[in-house]
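User: Please go through this model with me term by term, setting each value against the rule that gives it its name.

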Amino acid sequence: MLFVDLCIQGVIQGAIYALIALGLTLVYGLLRILHVAHAALFTLGGYVGVLVTNGSGSFLLALMTAMLVVGVVGMSSYTIIYKPLLNRTPLIALIASIGIFIASEELFRIFFGAYGLSYVSPPLQVQIEILPGISLSQARILVVILAVGLLSGVGWLAINTRMGIAARATVVDPQIAASSGVNVEIIRYGSFFIGSAFAGAAGVMVSLLNNLVEPTMGAVPSYKALAIIVLGGLGSVRGALIASLALGIIESFGTIYVGHLLDRDSIAFAFLIMVLMVRPQGLLVRG
Amino acid sequence: MLQIRDLCCGYRDITVLRDINFEIEEGETLALVGSNGAGKTTLLMSISGHISPNSGKIIMNGADLASKGPDKRCVLGVGLVPEGRRIFPDLTVFENLVVGGYSRPNKMQAENIARVMDVFPRLSDRKKQLAGSLSGGEQQMLAFGRAMMSNPSLMLVDELSLGLMPSVVDECYEALGKLVKKGIAVILVDQNSDAAIGFCSNSLILETGHQYWYGKSSAAPKVSI
C-alpha cells in the first residue's frame with residue numbers, strides 16, 4: 001500500500017515539475033538560453049490564482065486568468081529580455097534572466113507583502129478514495145488531470161498540426177525553417193506563451209496544495225526545473241517530461257527511505273549527479 | 001526576375017562580398033564558381049535573407065528584398081537547398097516536406113508532395129521514416145523536395161554534390177534539369193565547378209569576394225580552384 005501511495009505522490013510531484021519544465025525546455029530548444037526567470041512566472045501564477053479565487057470565488061476563473069496573464073507576461077519577457085540579446089553570447093541572456101528572477105521576488109514582496117497570501121476558503125479539498133485505502137484531495141487529482149491534459153494537448157498539436165511540425169523544425173534549425181517560410185518569431189512567441197501559461201497553471205496548483213503563495217515560492221522550482229531539463233537532455237521535450245516524472249517518484253520514495261540522511265532537494269540532486277555520471281548528455285539525447 | 005545590383009555584404013564588420021552585379025530570368029541557370037572562401041555561400045545566404053547587405057540591392061520581380069526576412073523571401077519564391085542538406089533529422093520525410101510547404105496554403109500540400117514524389121520516387125517509400133536515417137543521397141533529394149514544396153521561382157542550390165556518390169549526383173542534376181524545364185531559375189554552387197558550368201547557361205566567377213567574371217557559360221574562362 002505504501003508503495004502505491006508513494007508512486008501516486010511521485011506522479012503528482014512529477015506532474016507539477018513537468019508543467020514547469022516544459023516552458024524551460026521549449027525556450028532552451030528555441031533560443032539555447034537557460035530561462036531562469038521562468039520560475040518567477042510560476043510564482044506570478046500562484047499570486048494570480050489566490051487573488052482571483054479570493055476576489056471572485058471561482059477557482060476555474062482563477063486558473064484560466066493565471067494561465068492567460070502569465071502567458072502574456074512570458075511573451076513580454078521574450079520581447080524585453082531575450083530578443084535584444086539574441087545576437088550576444090547566451091551568458092548575457094542568462095545573467096539578465098537571473099537578474100529578472102531576483103528582481104521579481106522583490107517586486108512580489110513590495111506589492112503583495114513578505115509573508116505571502118492564502119486562499120480565504122481553499123477550494124477542491126474534498127477527499128476522494130481513488131483506490132481502497134488511498135484517498136486524495138480533488139486538488140491533487142486535478143494536478144494530474146491538468147498536467148496530462150495540457151501536455152498531451154501540446155504533444156498532439158506538435159505532431160498533428162502544420163504549426164506544431166514547423167515549431168519542431170524551428171527547434172532543430174531555425175535558419176532553414178525560416179527559409180522554408182516559417183515565421184520563427186511567431187513560433188517563439190507561441191512557445192513562450194504556452195510554456196509560461198503552463199508554469200502559471202503549476203503555480204496556481206502549488207499555491208492551492210500548500211494554501212500559500214509567497215515571494216520566494218519560485219526559488220526551489222527554478223533550480224529543480226533546470227536540473228530536470230539537464231537530466232532529460234537539454235532541449236528535449238520528451239526527455240524533460242520523463243525526467244520530471246522520474247524525479248517526482250525518486251523524491252517521493254527517497255524522502256521515506258533515505259530522508260533521515262538527505263532532504264528532498266538533496267535527493268533530487270544526488271539522483272541528477274548519478275544519472276549524469278552515466279549519461280552526461282541526459283536521458284533522451286543521443287550521445 | 002532577380003537582379004543583384006552593387007551588392008556588398010558580409011558578417012558583422014567583415015565585408016566578404018563587394019560590388020556583385022548579375023541578373024537571372026525565369027528558367028535560366030547560373031553557376032557560382034570560386035575557390036573556398038570566395039563568397040559563394042555568403043552570396044546565396046544574402047539572397048535567401050540570412051545575411052543583410054551592407055549596400056546594394058537585391059530585387060526580385062520588381063520588389064526590393066532588403067527589408068524582407070527569409071520567410072518572406074520564401075513566400076516571394078526563393079527556395080534554398082543549403083550546403084550539407086540540413087534536413088530536420090528528428091522529423092519524418094513527410095514532416096520535412098510539410099515544413100517546406102509551410103508558406104503555401106494547406107490545400108496545396110498533397111498536390112505539392114505528389115509533385116516532389118514524381119521527381120524523387122525514392123522518397124515515396126520513406127515518407128514515415130525519420131529523415132536522419134536516410135542515406136546522404138536521399139537526404140539531398142529530401143532537401144530538394146523540401147525546397148520544391150514552396151513552389152519557388154528561384155532555387156538556390158549550395159554544394160549539390162558534396163559527399164554524394166556519382167550516381168546520386170547524376171540523379172540530382174537530372175532532377176534539377178526537370179525543374180529548370182518547368183521554368184524555375186537556379187543558382188548553383190558545386191565543388192565540381194566543371195559540372196556546374198556545364199549545366200548552367202550562365203556563370204559568375206568569384207575571387208576572394210570580388211566578381212571576377214560573369215557571362216555565358218560557353219565563354220567562361222578556365223578556372224583552377
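Analyst: To begin with accessibility, a residue is called buried under 20% relative accessible area, exposed over 50%, and partly exposed in between, with a 1.4 Å probe and protein chains only. This is a predicted model, in which local features need pLDDT of at least 70 and side-chain atom pairs count only at pLDDT 80 or more, while totals for chains, interfaces and linings use all residues. Residues are numbered from 1 along each chain as its sequence is written, chains are lettered from A and ligands numbered from 1 in the order in which they are written, and side-chain values use heavy atoms, with hydrogens and water left out.

User: Why is B:K72 called partly exposed?

Analyst: The relative accessible area of B:K72 is 42%, which falls between the limits of 20% and 50%, so the residue is partly exposed.

User: What makes the pair B:K72 and B:D71 a salt bridge?

Analyst: The term requires a side-chain nitrogen of Lys or Arg within 4 Å of a carboxyl oxygen of Asp or Glu; the N to O distance here is 3.5 Å, so the pair meets the rule.

User: Which chains does the salt bridge of A:D173 and B:R86 connect, and where do the two residues lie?

Analyst: The bridge, at 2.9 Å from N to O, crosses from chain A to chain B: A:D173 lies in the loop between α6 and α7 of chain A, and B:R86 in the loop between β6 and α3 of chain B. Helices (H or I, at least four residues) and strands (E, at least two) are DSSP runs, numbered from the N terminus. A:D173 has a relative accessible area of 12% and is therefore buried, whereas B:R86, at 27%, is partly exposed.

User: How do you know that the span of α9 of chain A is close to the expected one?

Analyst: The expected span is 1.5 Å times one less than the number of residues; α9 (residues 219-232) has 14 residues and reaches 20 Å from its first C-alpha to its last, close to the 20 Å expected. Among its buried residues are A:I228, A:I229 and A:L231.

User: What makes a set of residues a nonpolar core, and which helix gives the most to the largest one?

Analyst: The set must consist of buried Ala, Val, Leu, Ile, Met, Phe, Trp, Tyr and Cys residues joined through side-chain atoms within 4.5 Å. The largest core has 59 residues, with A:L231 one of those with the most contacts inside it, and helix α1 of chain A gives the most, with 13 residues.
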